[in-house]
Amino acid sequence: MAEQLELILKEKEINPTAMRLLVLDYFLKQSSAISLSDLESDFDYSDRTTLFRTLKTFEKKGLLHSINDGNVTVYALCLDNCSEEFHADSHIHFCCNSCKKVFCLPKVKAPVLEMPLGFKMEKLDIIAHGVCNECK
Ligand SMILES: [Zn+2]
Ligand SMILES: [Zn+2]
Ligand SMILES: [Zn+2]
């Protein structure tokens, strides 16, 4: 398992430090997106700055994508072929009003929007709000 984790990091050209392996392992076990505070409370032996830097590195390298629901930023593993230059994540997200979790909906694709001339879209956040399948 540890070797598999290392491979995932190496594929994204991320140096596999012990901390990064732990964080990756943690994300692989989640069914919903995770905020820095969630991560912090589950990694009580590490400080917030290190965790934040790890998240940012993962995001930059195309391993995690971030979702901002207006208040908090949450992170989830990239499901598409993301790279350092480009996040290809084209799915929308779902925020549950009851458990407050944010889920990736890999099968629900965001519409392709045509931007006016001179506008370059870098990221499209679409968040559906409602009740998830566990809270319904
Ligand atoms: Zn991505
Ligand atoms: Zn829920
Ligand atoms: Zn997602």
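This is a predicted model: local features need pLDDT of at least 70, side-chain atom pairs count only at pLDDT 80 or more; totals for chains, interfaces and linings use all residues.

Start with the open sheet of three strands in the order E5-E4-E6, where the pairing is mixed. Select residues 102-109 for strand E5 and 127-130 for strand E6: these two stand at the edges with a single partner strand each, so one side of each has no neighbour in the sheet. Look along the sheet and you can follow its twist, which averages 30° from one strand to the next.

E4 and E5 pair in the antiparallel sense over five bridges. To find one bridge for yourself, click His93, then its bridge partner in E5, Cys104.

**Stop two: an antiparallel sheet**

Next comes another open sheet of three strands, this time ordered E1-E3-E2 with antiparallel pairing. Select 34-35 for strand E1 and 64-68 for strand E2: they stand at the edges, and since each has a single partner strand, one side of each is left without a neighbour in the sheet. Strand E3, residues 73-77, pairs with E1 in the antiparallel sense over two bridges. Click Ser35 and you'll see Val74 of E3 opposite.

What lies across E1, E2 and E3? Show residues 18-28: that's helix H2, running at about 85° to E3.

**Stop three: the largest pocket**

The largest pocket holds about 660 Å³ of space. Select His87, Asp89, Glu122, Lys123 and Leu124, the closest to its centre among the 23 lining residues. Colour the lining by class and you get nine nonpolar, six polar and eight charged residues.

Conventions. Residues are numbered from 1 along each chain as its sequence is written. Chains are lettered from A and ligands numbered from 1 in the order in which they are written. Side-chain values use heavy atoms; hydrogens and water are left out. Two strands pair if DSSP finds at least two bridges between them. Helices (H or I, at least four residues) and strands (E, at least two) are DSSP runs, numbered from the N terminus. Contact means heavy atoms within 4.5 Å. Axes are lines fitted to C-alpha atoms, for helices over the stretch in contact, and angles run from 0 to 180 degrees between N-to-C directions. On a 1 Å grid over the protein atoms alone, a cavity is a set of points where a 1.4 Å probe fits but cannot get out, and a pocket is an open set with protein on both sides within 12 Å along at least five of seven lines; lining residues have an atom within 4 Å of a point. Grid points are joined across faces, edges and corners, and a volume is the space filled by probe spheres set on the points. Ala, Val, Leu, Ile, Met, Phe, Trp, Tyr, Cys and Pro count as nonpolar, Asp, Glu, Lys and Arg as charged, and the others, Gly among them, as polar.
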